[in-house]
Structure formats: C-alpha cells, structure tokens
Amino acid sequence: MLANYAFIGVFFVAALSFPVIPLLLAFLLRPKRPAPLKLSTYECGLEAIGDIRVQFKVQYYLYALAFVIFDVEVVFLYPWAVAFHKVGLYGFTAAAVFLAMLFAGLIYEWRKGALEWV
Amino acid sequence: MHDVINHLINTVFGLGWPGWAISLIAYLLIATILFMIVPFQMLFLTYFERRAIARMQDRVGPNRVGPEGIFQPVADGVKMFTKEDIVPDAADKWVHLIGPGIVVAPTMFMFAVLPWGPGMVPFDMNIGLLFFFAISSVSAVGLMASGWASNNKFALLGAMRAVAQMVSYEIPAVLSLLAIVLVTGSLSIVDLITFQSGLFISSSDVPGIPDFGLGWFVFTPVGFLAFIAFFIAALAEGERTPFDIPEADSEIVAGYMTEYSGMKFGLFYLAQYVLNFLLCAITAIIFFGGWQGPGVGWLYAQAITPANPAGNGLFNVLAGVLGVFYFLAKTYFFFFVMVWVRGAYARLRIDQLMDFGWKLLIPLTLVNVVSAAIWVGLTKWGAADGLAFVEGWAPLMRWAVAFVITLVMNLVAYFFLVRVYSQSQDERARLDDEVLERLTNVA
Amino acid sequence: MRSDRVGVLRLPYHYAPTTGGELMDLLIQIIFGLISALVIGAAMMVVTMRNVIHSALWLIASFFGVAALYLLMEAEFIAVVQVLVYVGAISILILFAIMLTRSNEGDRLFTTYWWTSGLIALGLFGAVLVPTLAGTIWNLPQPTGPAGAPEVLSGVEELGRGFVSEFVLHFEIAGVLLTVALIGAIVIAFEERSRRRRVLTLAEELELRKRQQASEHSAVAAADSVD
C-alpha cells in the first residue's frame with residue numbers, strides 16, 4: 001500500500017527540480033557584468049534611507065493569528081464533513097455547537113474592532 | 001492511468017523488468033509529460049491575457065512576433081533566459097535564490113492530484129482536495145522569503161501584503177469547499193467529479209436522472225454560493241486585479257518581485273500564471289463538473305475500465321479527448337472571466353480587501369456550511385439518522401424541498417449579511433470622519 | 001502504524017506493484033533515514049543559525065520533513081494537516097512575529113560556565129530518554145488483520161465519526177480552546193482604535209486641508225463681523 005505514495009515522492013522530487021532546470025540554463029546563457037550602481041538597492045533612483053527591517057504593525061499579526069485559529073477549526077471540521085452522511089442528527093448537533101463557537105469568536109473579534117485594518 | 005502506462009511499457013520494452021522499475025519509469029513519464037504541458041499552458045495564457053485585455057482597452061496588443069503576435073511569449077521566454085541576473089549587494093544571496101523556487105515548486109506539485117479527463121488523473125488521492133490546498137499555502141513562505149531576502153522596502157512591504165491577503169482568503173476558500181465536501185462526503189477530487197453526473201440534478205441525489213454530465217454543483221443553491229465565494233477567494237489567492245495589492249505597481253513598484261530580474265523573475269511570472277491556471281481548473285472541477293459534459297459518461301462506459309475490462313480501447317481515447325476538451329474549455333472560460341474582471345474593476349484598498357474577506361465572505365460561507373448540512377439531511381438521511389419524516393417522500397420531492405429551503409436560507413443570509421456589512425462600512429466612514437474632525441479642531 | 005485500516009489508497013484501477021517485500025522494506029528504511037536526517041539536521045540549523053529568519057526557514061523545512069514522515073506511516077490526513085497548519089499557517093505566524101520585532105541580530109551570549117548548563121540539560125534529557133528506550137519493546141510483530149481483504153476505509157472518515165461519537169467531548173473542548181485562544185490574542189495584542197497611530201491617506205489629507213481652510217475662512221469672517 002505504501003508503494004502508492006511512491007508517486008507523491010517521485011512527483012515531489014520532480015517538482016523541486018523543475019525550477020532548477022531553467023535557472024541552470026539561464027546561468028549558462030546570460031551575461032554577467034556587475035556594476036556597483038546596478039547592485040544597489042532599488043528605491044526609485046534615490047539613495048536608500050534607513051534600515052529595511054522596519055517594525056510592522058500589529059494588525060498583520062492579529063490577522064495571522066485569527067487565520068491560524070480558523071485554519072485549525074476547519075481542519076477539525078473536514079473529517080466531520082467526510083463522515084457526515086453517516087453521523088445522524090447527533091453528529092450534526094455536535095458540529096453545530098462547534099460551528100457556533102467559531103462564529104462567536106468571529107463576532108467577538110468583529111465587535112471588538114480587531115478586524116479593522118487601519 | 002498508471003496501469004495503462006505500465007501496460008504500454010510492458011508491451012513495448014518486453015516483460016522481463018521488475019515491477020518497481022516499470023512503476024518508476026511510469027511515474028517519471030507522467031511527471032515529464034505534465035511538466036512539458038504546463039509551461040505551454042503558461043505561454044498560451046500570457047498571450048491570451050495580453051490580447052484579451054488589449055481588446056477591452058481598445059488597443060491591439062502584441063502583434064509583431066509571428067502572425068497576430070502568437071510567438072510573443074516565446075520571445076519573452078528567450079529574453080528571460082538571456083537577461084542578466086542582478087542580485088543586490090544588500091540582499092541575502094541564498095534566500096534570494098531559493099525564494100522563487102519555493103514559490104514555483106508547490107504550484108507544480110499541485111498537479112499531482114489534478115484530473116484532466118475520465119480516468120486521466122496522475123494520482124487519485126483519498127484526500128486530494130485537502131492536499132491541493134495544503135500545498136498551495138506553501139507558496140506564501142516563498143513569497144515571504146524572497147521579499148525579506150531582497151532587502152528592499154518595497155519588496156518586504158509587497159511580501160507582507162501578499163501573505164496577509166493569501167491567509168485572509170484561504171479561510172473562505174476552504175470553508176466554501178467544506179460545504180461541497182459535506183454534500184459529496186469525500187475528499188477525493190475524482191469522486192467529486194463523478195458525483196456531478198446527471199441533468200441539472202446530480203444523479204446521486206435523485207437516482208434515475210438521465211446522465212448528460214450536467215449535474216454540476218453550481219446548479220444548487222449551496223453550490224452556487226460556494227462558487228461565488230470560492231471564485232472571489234481564488235482571485236485574491238492568485239493576486240488578480242482587483243486584489244493585486246501585493247504588486248500594485250503604482251504604489252510599491254512590483255512588490256516582492258522588485259529586486260528580481262532574468263530567470264528568477266521569470267519563475268515568479270510562471271508561478272503566477274500556473275497558479276491562475278490551477279485555480280481556474282479547480283473551480284471548473286469542483287463547481288462545473290471538470291471533464292463532465294454531454295457524451296463523456298456514455299463514451300467512458302464503453303471504454304476499458306476496472307468495471308468493464310472487456311471494453312473497447314478506442315472509446316478510452318474518445319472519452320479522454322472529449323473530457324479534456326470540456327475541462328480545458330471550462331478552465332479557459334474562467335481564465336477569461338479573470339481577465340474580464342481585470343478589465344472592469346479598479347484595485348481595492350487593503351482595508352476594503354480585509355473587510356470583504358473577513359466580514360462578508362467568511363460569515364457567508366459559514367452559513368453555507370449549515371445549508372449544505374441541511375441539504376444532505378433532506379436528500380440523504382433516513383429514519384436511522386433521526387429524520388424519519390423524509391422517508392416517505394419521493395427522491396425528487398426530497399430534492400425539491402432541499403432546494404427551496406437552502407435557497408431561502410442562503411438568500412436571507414446573503415441579504416442580511418450584505419446589510420450588516422454595508423452598515424459596518426458606513427460606521428467605518430463615520431469613524432474616519434471623526435478622526436478628521438479631531439485633527440481639524442486641533443489644528 | 002502500518003495497520004491495514006489507516007490510509008487505504010484508492011487508485012482508479014486496482015494496481016499493486018509486484019515488488020519483493022524485503023527490498024521494499026529496505027527502501028522504506030533508507031527513505032526513513034534520509035527524511036529523519038533532514039528533520040534533525042534542519043532542527044539543528046534552527047538553533048545554531050544566527051539570523052532569526054534563517055532559523056525560521058529551517059524550521060519550516062523541518063516541519064515539511066515531519067509531514068513526509070507521517071506520509072511514510074500512511075497517515076495521509078495527518079501529513080496533509082501538518083503541511084496545511086504548520087507549513088501554511090504557523091510558519092506564517094512566526095514570520096509575521098519576527099517582522100513585528102525590531103532587528104536583533106545579537107552576539108551569542110556564552111558565559112564561561114556554559115558547559116555546566118549543557119551537562120545538566122543533557123543529564124535531564126538522558127533521565128527521560130534512557131527509561132523510554134529501555135522500556136520499549138522493539139521488533140513488534142506485524143499486526144495481522146482479519147482474513148480476507150480489509151474494509152476500505154479512509155482514515156479521514158473514521159476520524160470524523162470518532163469526533164462526533166467517542167471523542168465528542170474532546171472535539172468540543174478543542175473548539176472552546178480555540179475560541180479562548182482567539183479572544184486571548186485580541187485581549188493581549190489588540191490596541192483600541194482611538195489610541196492607534198494612523199497615517200492619513202492622500203484623500204483624507206486633502207479633505208483635512210480643505211476643512212482647515214474653510215474653518216480659517218469662517219474664523220476670519222466671524223472676526224470681520226465682530227468689527
């Protein structure tokens with residue numbers, strides 16, 4: 001049975017090597033004439049000011065966190081969805097409670113204003 | 001498909017080889033064929049998009065290289081190969097190099113589970129649908145790596161925007177698919193397609209419906225809402241206009257691609273078009289039946305299959321050709337819709353983008369999941385599952401009741417949520433106004 | 001976990017390769033060795049890298065290797081979830097968290113007594129590991145299923161049925177936990193709108209200037225009328 005996954009393995013290696021081939025080919029074909037100005041950071045022709053490692057705002061993190069939590073909840077719901085034809089009303093109720101909590105979390109986040117970008 | 005190839009290899013090269021060697025050759029052959037087809041798809045799509053968008057903008061588009069400019073993508077490809085590769089001094093050389101690779105490789109890997117025609121799937125995984133979306137989310141890491149490694153403000157900003165947008169729209173996408181998985185009860189993409197036979201009504205919902213290959217999910221209220229939500233999310237995942245904020249060229253040059261040139265830039269370009277192709281293809285498969293269409297089911301029933309080993313090989317070819325034709329026609333249609341949307345709409349602001357995803361699409365898809373559960377309950381369950389009253393109804397009756405109830409539910413949810421959403425947007429505008437008010441008084 | 005029940009594949013045609021069992025086992029062992037080497041090597045890189053982003057990228061590579069290990073154990077759903085949640089979501093969270101902090105590529109802070117703490121850590125780790133290794137029965141016999149072909153079950157469906165029957169309490173508690181995590185995150189990281197610093201958009205600046213001019217104008221007009 002494990003042999004069937006061999007295809008995934010082979011395909012994974014092939015997919016990884018896919019970008020390598022054009023890069024190698026381009027490496028052989030292209031010219032290489034570096035110049036200091038060419039290698040400077042592009043900032044619309046101006047000198048770059050300051051460090052680029054700026055502090056990003058916390059909103060990005062909040063969205064990412066909400067995403068992780070929703071992602072995990074959806075992962076919990078997928079097996080339930082696959083088994084749904086056989087679980088009956090009890091299974092529906094159990095997942096409805098789960099979904100209601102998901103929804104409550106979303107509404108809390110919304111009312112609190114954590115979904116505002118600015 | 002594997003055993004056909006194995007059989008071919010056996011008959012052509014003699015039978016003495018061990019099984020694993022033949023399997024390995026077959027796998028490599030499939031991978032090679034797919035990876036030959038994919039760049040050609042990409043070349044065609046770039047040409048198609050440039051010509052179509054030119055038409056919409058009352059221009060001609062590329063028309064110099066070859067008749068009607070059809071060799072323009074080839075010329076672009078040659079340019080990519082021969083262009084100098086510039087890596088800025090300040091960049092992190094290795095991460096800068098592997099960034100595009102991490103973006104391209106997952107898009108290629110996703111082809112492992114994509115069915116092209118009847119019996120023509122590289123690998124029918126049990127959980128193919130989840131596999132597809134799990135792998136698609138890996139690209140975000142590559143975007144982040146290349147944006148950071150460029151050591152450029154535009155690049156980092158573009159990468160942050162791209163990733164924030166991708167993660168925000170992945171939730172509505174997987175939630176709208178959850179509704180479809182509820183209805184089919186399987187995560188296999190091939191099962192999903194076979195489910196969609198019938199004529200406007202899936203023959204697995206109502207047995208006895210003639211099979212014209214038209215029992216698509218989009219004809220049900222649940223499927224329709226899921227389709228709209230999924231396609232919008234797909235536009236955002238593929239960074240298409242109106243969601244092209246990460247590479248808004250009038251604001252942040254080219255986003256995470258700013259410091260890339262030559263073939264590395266070409267890889268980003270390739271990844272983007274291949275991803276768009278995949279998203280259109282998966283939309284066509286999930287909601288529009290993939291290779292399903294009039295005639296394919298009948299042709300495939302005559303072909304050599306496990307269920308029918310005495311079939312005629314000619315019908316395999318015929319069913320395959322017709323199925324792939326339907327599949328590609330649907331896929332290109334959705335790509336045309338993407339181009340059309342690009343021609344019609346302006347770019348969103350990032351706060352509008354986030355609000356639309358989190359405050360409208362996610363609640364809507366959550367309601368749709370409940371609708372899907374009701375749909376399954378009404379069409380599939382019986383007394384054993386706690387729904388005794390539906391037992392006596394005829395299948396068509398059950399289907400009709402489910403259709404009406406879910407339609408009403410989805411419509412009510414849609415109008416209610418749109419009202420709440422527009423109220424929240426008004427509220428937002430009022431708050432922005434307050435900020436201005438305060439600043440005016442201070443100044 | 002090489003039981004017959006988990007992760008049974010459904011190929012479009014029933015196709016079983018005619019490989020010798022021993023060769024197959026050897027191949028699996030080699031692949032297992034390679035993947036575990038990748039996981040451990042990547043984990044080592046995570047803790048030895050100076051640059052925090054490089055560490056994060058190696059961590060992601062390590063996550064991926066773990067997913068491959070799951071696939072090797074035929075637990076396909078867990079493998080895909082590993083990719084979806086860890087590679088696709090947690091890693092993004094980590095990268096965003098790094099972007100939130102200021103750059104801090106500091107020197108390694110080694111005290112002169114670093115080796116004592118190393119020894120203590122090693123001793124504690126050994127105290128856990130040695131009994132576990134000694135108490136494990138190696139070379140378990142292969143589980144033999146009931147005679148005949150096993151029932152085709154995909155692991156996902158079993159899992160789903162388990163969620164709403166046997167493990168329904170765990171399922172709901174997981175839901176509560178996730179909701180609590182969401183609320184907790186907002187409580188800790190959220191900043192009230194009024195206290196947020198915000199850059200005005202171009203349109204807003206224009207509007208502001210217009211209003212300021214209007215108010216100045218009206219102030220001048222009011223002063224005029226007083227005269």
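How many residues does the contact take from chain B and from chain A? In this predicted model, the count comes to 62 residues from chain B and 51 residues from chain A. On the chain B side, the helices that each supply at least two residues are α2 (19-56), α3 (72-82), α4 (93-109), α7 (153-184), α11 and α14 (350-380). Sorted by class, the residues on this side of chain B split into 40 nonpolar, 12 polar and 10 charged.

Now for a pair of helices from the two chains. Two packed helices can be described with just the angle between their axes and the distance between those axes. Helix α2 of chain A (residues 20-29) packs against helix α11 of chain B (residues 262-288) at about 155°, and their axes are 9 Å apart. Angles over 145 degrees count as roughly antiparallel, so α2(A) is roughly antiparallel to α11(B). The crossing of these two helices, α2(A) and α11(B), is right-handed. From α2(A), the residues making the contact are Pro22(A), Leu23(A) and Ala26(A), and they meet Gly262(B), Met263(B), Gly266(B) and Leu267(B) of α11(B). By class, that contact between α2(A) and α11(B) has 5 nonpolar residues, 2 polar ones and no charged ones.

Helix α11(B) also has a packing partner within chain B. The axes of α4(B) and α11(B) lie 9 Å apart, at an angle of about 25°. With angles under 35 degrees counted as roughly parallel, α4(B) and α11(B) are therefore roughly parallel to each other. Their crossing, that of α4(B) and α11(B), is left-handed. Here α4(B) brings Pro100(B), Val103(B), Val104(B) and Thr107(B), while the residues of α11(B) in the contact include Lys264(B), Leu267(B), Phe268(B) and Leu270(B). The α4(B) contact with α11(B) is made up of 10 nonpolar, 1 polar and 1 charged residues. Leu267(B) turns up in the contact with α4(B) and also in the one with α2(A).

What about burial in chain B? Take helix α5(B), residues 128-136: 9 of its 9 residues are buried, so this helix is largely enclosed by the rest of the structure. Among those buried residues are Leu129(B), Leu130(B), Phe131(B), Phe132(B) and Phe133(B). In helix α3(B), the buried residues are Gln72(B), Pro73(B), Gly77(B) and Met80(B).

Chain C is next. Its secondary structure amounts to 7 helices and 0 strands, giving the pattern α-α-α-α-α-α-α along the sequence. Chain C has 227 residues, and 21% of them count as buried. Of the contacts in chain C with a separation of 6 or more, 64% join residues 24 or more positions apart.

One residue of chain C can be followed up in detail. Val46(C) sits in helix α1 of chain C, which covers residues 21-48. Setting aside neighbours within four places in sequence, Val46(C) is in contact with Ser55(C), Trp58(C), Leu59(C) and Ser62(C). Ser91(C) lies 45 residues away from Val46(C) along the chain, and their C-alpha atoms are separated by 13 Å.

Definitions and conventions: Residues numbered from 1 in each chain as written. Chains lettered and ligands numbered in written order. Predicted model: local features only at pLDDT ≥ 70, side-chain atom pairs only at ≥ 80, totals over all residues. Axes fitted to C-alpha atoms, helices over the stretch in contact; angles between N-to-C directions. Helix = DSSP H or I, 4+ residues; strand = E, 2+ residues; numbered from the N terminus. Parallel < 35°, antiparallel > 145°, perpendicular 65-115°, else oblique. Left-handed = near helix turned anticlockwise from the far one by under 90°. Contact = placed C-beta atoms within 7 Å. Nonpolar A, V, L, I, M, F, W, Y, C, P; charged D, E, K, R; others polar. Buried ≥ 20, exposed ≤ 12 C-beta atoms within 10 Å, placed from the backbone.
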